[in-house]
Amino acid sequence: MSRRRRSKQPSTPPASAPIPDRVDEDHQREQYFFDRPTVARLADMVDAHARPVCLCVPMVARELARRGRAVKLLDVDARFAQLPGFTRWDLYRPSPLPELPDLVLSDPPFTLVRLSQLFTAIHTLCRGELRTRVAIVWPTARALDITGTFAPFGLRATGFEPGYVSVRPIEENRASLFANFELDPRWGLE
Ligand SMILES: C[S@@+](CC[C@H](N)C(=O)[O-])C[C@H]1O[C@@H](n2cnc3c(N)ncnc32)[C@H](O)[C@@H]1O
């Protein structure tokens, strides 16, 4: 795996600070940002929903904020506290939101979080409503693990592979989007 950790820890900016244009990836939290085409595409997907939740996808929430749309963003990284809709939220201590989401999009840390923990977190957000739309990025090589764990939600491969800014596009780093709904046909996926 070509991903390397950095020792630099993020600091929490004051509440009045502007939304940062440039944020360094925090590899200690397995934070890897999507490339621009991926951010744009996923933001379009999220924007088509009324009560979406961005779970561990700060760049998608930031893109929507730039478009003037405030969406719920759940992440442990408080550097995104200036984004509208940000809630500091820990995958390992999930708590439900006041509102039931109509979509949960997530790109979780692949090795730090166990699938059972991720399932509990998303199940908590959906308050057990298994028809909630769920879309999760996960390593392509571990497809059976995610579709098995999330079988109650009916998760399946979509064929969409997100791109990242700093992750080398080699076989072992491949990731795919798994979802329980059809993606926009304009994405041109099989
Ligand atoms: C692979 S990155 C996803 C970033 C996404 N690709 C983007 O461009 O917006 C994983 C995200 O999970 C967050 N994260 C890591 N550990 C977490 C935890 N315990 N609870 C909530 N979020 C966590 C990181 O801060 C990071 O934003």
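Why is H2 largely enclosed by the rest of the structure? I checked burial: 8 of the 9 residues of H2 are buried, so the rest of the structure largely encloses this helix. A residue is buried if 20 or more other C-beta atoms, placed from the backbone, lie within 10 Å of its own.

This is a predicted model; local features need pLDDT of at least 70, side-chain atom pairs count only at pLDDT 80 or more, and totals for chains, interfaces and linings use all residues. Residues are numbered from 1 along each chain as its sequence is written.

**Helix H2.** I took helices (H or I, at least four residues) and strands (E, at least two) as DSSP runs, numbered from the N terminus. The buried residues of H2 include Met 59, Arg 62 and Glu 63. They pack against helix H1 (36–47) and strands S1 (52–55), S2 (72–75) and S4 (103–106); contact here means C-beta atoms within 7 Å. After H2 I found Gly 68, with a positive phi near 95°.

**Ligand shell.** I looked up the 22 residues around the ligand; Cys 56, Met 59, Val 76, Asp 77 and Leu 91 come nearest. Near means a C-beta atom within 6 Å. H2 (residues 58–66) gives the most to this shell, with 3 residues.

**Strand S5.** I turned to S5 (residues 133–139): 5 of its 7 residues are buried, so S5 is largely enclosed too. S4 and S5 pair in the parallel sense over 4 bridges; pairing needs at least two DSSP bridges. Leu 105 stands opposite Ala 135 in S5. With S7 (residues 175–179), S5 pairs in the antiparallel sense over 5 bridges. There I found Ile 136 opposite Phe 178.

Conventions: Buried ≥ 20, exposed ≤ 12 C-beta atoms within 10 Å, placed from the backbone. Contact = placed C-beta atoms within 7 Å.
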